[in-house]
Amino acid sequence: MKKNAEYMLEHAGLCRAADRLEPQMFDEYGVQRGLRDKNGNGVVAGLTNISRIESFKMEDGKKIPCEGKLWYRGYDCIELVNGFRGDHFGFEEVAYLLLFGKLPNRDELKHFNDILASSRTLPTNFTRDVIMKAPSSDIMNSLTRSVLTLASYDKNCSDTSIENVLRQCLGLIAVFPMLAVYGYHAYNHYSNDESMYIHRPQKKLSTAENLLMMLRPDKQYTELEAKVLDTALVLHMEHGGGNNSTFTTRVVTSSGSDTYSVVAAALSSLKGPKHGGANIKVVEMMRDIEAHVSDWTDEDAVRAYLNKILNKEAFDGKGLIYGMGHAVYSLSDPRAQVFKSFVEKLAVAKGRDKDFALYSLIERMAPEVISQKSRIYKGVSANVDFYSGFVYSMLEIPLELYTPIFAIARIVGWSAHRIEELINMDKIIRPAYKSVMQELEYVPLDQR
């Protein structure tokens, strides 16, 4: 099979085309990979009122790195998190904000919670016939299959009126935890020969509480565990229109496609390791460091091993310290900043103080090590994925669910962007590619 594939590539001219496209030729053709201009700025593809990111400030015509900020509908995400800290769960409140553009009062929030609670149900036998029928270790694929199958149960699947799309989005937001957790339990049962647990969500519980309750065999969780998970969901809920999966949402929405197809496309984007799988790599990297550095408090030993990772002599040989740096943020990721205090509380409660100390040490040390090895045009700092994987490990969430949990949060942002695209735009998004092919004369089959 491999030889056949190599033969096809070689004789189809694909290898020759790739050879013609040397990296230095991108500037010649005016092409900027990653949709960034020569200054590292994202190419503007549209307008949004849903969120905003700040990582640089302009001073005297120059870009100056600054502390990162993230706003949801005009509200600083740190203020939002601090607003519900210890008082109530925030996922539902912030979901309302992103979808409707305003913070709910208590009556509006109760009504919204009631809608989500009543929507946490799947079609009859759906779990058996769809989720359990073909279990997969790739829960993102299982989740995508479930979403596309749900379209078959929706009589108004292709109706793109705002009212209908909102109904569909709320339904998907409500059932995503069920689809992900049930998908994992099916895989864990059939592939790992473990017991099967299908716990029904409870109407009185929040999204974070239901997720933990459905995942755990004994249904038990602490308030701190649920609050930390709730915070993680809020901080992963939305991140501007330029991230890969949200842009995918916009692109597919602009074609006039239905909600289920749009969300399936966004899921396919998110599952890529360059997008949604970063926190898994952080956990794997940290396990590797813990295994190879005997004294986690020895800064010289930790620094030496980080250098080995950067030199491609350790861990996965990619030369990356995962969880460090971000495509947008420079000096700091505001999500990581606000999240760290919650992580520390959970680490103390779980007896993982030494692990947290190592994470903190690497957070402080890695930017220095990276700056010595690489020439970077902006600052580098810990991003939210650096700590989210650690949190999920403390919550005893299996690696297979790390990216699906990201999706459980980001489905809210995708829904908001889909609705905004439908309301404000009426043209298909059609990017342009510059062709570099050579014109050839047709040669008859007998003369080739």
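Burial, contacts and helix crossing in a predicted model

Q: Why is Asp385 called buried in this predicted model?
A: Asp385 has a relative accessible area of 12%, and buried means under 20%, so Asp385 is buried. Asp385 lies in helix H18 (residues 384-394). Beyond residues up to four places away in sequence, Asp385 touches His236, Ala278, Asn279 and Val282.

Q: What makes His326 partly exposed?
A: The relative accessibility of His326 is 22%. Buried requires under 20% and exposed over 50%, so His326 counts as partly exposed. His326 sits in the loop between helix H15 (299-310) and helix H16 (334-349).

Q: Which residues does the UniProt annotation "active site" cover?
A: According to the unreviewed UniProt entry, the "active site" annotation covers His326 and Asp385.

Q: How do you know that they gather at one spot?
A: They span 60 residues in sequence, but no two of their C-alpha atoms are more than 9.9 Å apart, so they gather at one spot.

Q: Why is Ser245 called buried?
A: Ser245 has a relative accessible area of 0%; the cut-off is under 20%, so Ser245 is buried. Ser245 belongs to helix H12 (residues 244-254).

Q: What joins the side chains of Ser245 and His275?
A: A polar contact of 2.9 Å joins the two side chains, and the limit for such a pair of N or O atoms is within 3.5 Å.

Q: How are the axes of helix H10 and helix H11 placed?
A: The axes of H10 (residues 207-215) and H11 (residues 223-235) come within 8 Å and cross at roughly 115°. The crossing of H10 and H11 is right-handed.

Methods:
Residues numbered from 1 in each chain as written. Predicted model: local features only at pLDDT ≥ 70, side-chain atom pairs only at ≥ 80, totals over all residues. Heavy atoms only, no water. Axes fitted to C-alpha atoms, helices over the stretch in contact; angles between N-to-C directions. Helix = DSSP H or I, 4+ residues; strand = E, 2+ residues; numbered from the N terminus. Left-handed = near helix turned anticlockwise from the far one by under 90°. Buried < 20%, exposed > 50% of the residue type's maximum accessible area, 1.4 Å probe, protein only. Polar contact = N/O pair within 3.5 Å; in protein donor to acceptor, adjacent residues only side chain to side chain. UniProt positions renumbered as here; feature names shortened; annotations may be inferred. Contact = heavy atoms within 4.5 Å.
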